[in-house]
Amino acid sequence: MTKKNFNTISDVIYQHAGIVLKEIKEDMVYSRVSRRIRITGSRGFDDYLKLALATGSDEFTHFVNAITTNLTSFFRESHHFDFITQTALPGWKATPGRQRLRIWSAGSSTGEEAYSIAMTLADQVPKNWDTKILATDVDTDVVAQGDSGIYTQERINGLSKSLVTQHFDKVKVDGAQRVQVKKNLRDMAFFKPLNLLQAWPMRGQFDMIFCRNVVIYFDKPTQKVLLDRFADLLVLGGYLIIGHSESMYKLSDRFTSIGNTTYRKIK
Ligand SMILES: C[S@@+](CC[C@H](N)C(=O)[O-])C[C@H]1O[C@@H](n2cnc3c(N)ncnc32)[C@H](O)[C@@H]1O
């Protein structure tokens with residue numbers, strides 16, 4: 001991979017998904033794109049980039065999917081799920097006439113975040129409420145996996161026995177033992193491909209948005225625009241949850257911090 005190849009890749013990914021690839025990521029990019037070179041039978045980086053970046057190329061989606069970093073887990077940063085149980089949900093329940101709840105997992109990766117929200121809500125939300133969790137990601141492969149709700153056993157090793165029994169079924173996929181999130185939770189979660197940098201088709205407002213460990217890959221101007229768009233889509237008093245190493249410092253005056261990387265929309 002030449003310097004020029006790396007610069008082309010980082011320019012294209014920045015323009016498309018807002019992801020900033022600094023030089024320190026060269027090795028990572030090399031190994032991820034090399035995999036696509038092997039799969040497509042390309043003759044090298046020049047050849048592959050010609051294929052992936054040609055107008056209307058089917059390979060472009062695979063190229064983007066290969067570059068994204070999808071690290072996630074069930075109940076990652078568990079204090080955010082405690083916050084739902086201890087603070088957000090009692091507040092929502094105390095709102096007279098409320099029967100609807102909308103939560104968005106933006107940058108949902110393979111779905112563990114959305115299903116952790118669903119597990120947290122499952123027994124606690126009144127049965128007659130219309131509760132939906134939207135899970136979106138720019139990477140179409142992780143969206144498809146999230147939608148299936150199928151995971152390897154290792155992914156749920158850290159969960160308590162009671163959570164596993166209550167929320168997962170054992171399934172066989174191509175003869176291999178897997179677990180699948182139960183249907184009642186899958187019915188609550190809606191997985192869609194969505195690039196946060198492009199137009200959002202959602203109309204209604206959200207009560208809570210999780211966007212954790214996503215904006216860390218973006219630069220400050222992109223973060224600023226995104227936070228403003230999140231504010232537009234949240235109800236007044238709605239919650240925005242970000243990742244442990246992310247900060248909204250000086251990026252938006254439309255939220256107030258209520259601790260633990262949790263924010264409330266104030267205007
Ligand atoms: C590290 S994962 C975080 C997953 C989950 N939110 C969590 O905290 O466990 C970051 C996700 O952001 C997604 N992402 C990156 N750029 C994006 C964009 N422009 N639009 C939508 N998703 C994006 C990646 O594909 C990846 O799945």
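**Exercise 1. State how many helices and strands the protein chain has, and judge its overall dimensions.**

Step 1. The protein chain contains 10 helices and 10 strands; helices (H or I, at least four residues) and strands (E, at least two) are DSSP runs, numbered from the N terminus. This is a predicted model, in which local features need pLDDT of at least 70 and side-chain atom pairs count only at pLDDT 80 or more, while totals for chains, interfaces and linings use all residues. Residue numbers start from 1 along each chain as its sequence is written.

Step 2. For 267 residues, a compact globule would have a radius of gyration near 18 Å; the protein chain has 20 Å, which agrees. The radius is taken over C-alpha atoms, and the globule rule is 2.2 Å times the number of residues to the power 0.38.

Step 3. The C-alpha trace spans about 60 × 50 × 30 Å along its principal axes.

Step 4. Of the 267 residues, 34% count as buried. A residue is buried if 20 or more other C-beta atoms lie within 10 Å of its own, exposed if 12 or fewer, and partly exposed in between, with C-beta atoms placed from the backbone.

**Exercise 2. Describe how domain 1 and domain 2 meet.**

Step 1. The domain assignment gives domain 1 (3-67) and domain 2 (79-265); such bounds come from an automatic or database domain assignment. The C-alpha centres of the two domains lie 29 Å apart.

Step 2. Contact joins 7 residues of domain 1 to 11 residues of domain 2, where contact requires C-beta atoms, placed from the backbone, within 7 Å.

Step 3. On the side of domain 1 that touches domain 2, helix 4 (residues 59-67) supplies the largest share, 3 residues. That side divides into 4 nonpolar, 3 polar and no charged residues. Ala, Val, Leu, Ile, Met, Phe, Trp, Tyr, Cys and Pro count as nonpolar, Asp, Glu, Lys and Arg as charged, and the others, Gly among them, as polar.

**Exercise 3. Characterise the shell around the ligand.**

Step 1. The ligand is surrounded by 25 residues, and the closest are Thr68, Thr72, Gly107, Val138 and Leu196. A residue is near a molecule if its C-beta atom, placed from the backbone, lies within 6 Å of it.

Step 2. The shell divides into 9 nonpolar, 11 polar and 5 charged residues.

Step 3. Domain 1 and domain 2 each contribute at least three residues to the shell.

**Exercise 4. Explain why helix 6 counts as largely enclosed.**

Step 1. Among the buried residues are Glu112, Glu113, Tyr115 and Met119.

**Exercise 5. Trace the pairing of strand 10 and identify its covered face.**

Step 1. Strand 8 (residues 234-242) pairs with strand 10 in the antiparallel sense over 3 bridges; pairing requires at least two DSSP bridges between two strands. Leu240 stands opposite Tyr263 in strand 10.

Step 2. Strand 9 (residues 255-257) is also joined to strand 10 by 3 bridges, and these strands run antiparallel. Here Ser257 stands opposite Tyr263.

Step 3. The hairpin of strand 9 and strand 10 has 4 residues between the strands, and Gly259 takes a positive phi near 95 degrees.

Step 4. In a regular strand the side chains alternate between the two faces of the sheet. In strand 10 (residues 262-265), Tyr263 and Lys265 form the covered face, whereas Thr262 and Arg264 form the uncovered one.

Methods: Two residues are in contact if their C-beta atoms, placed from the backbone, lie within 7 Å.
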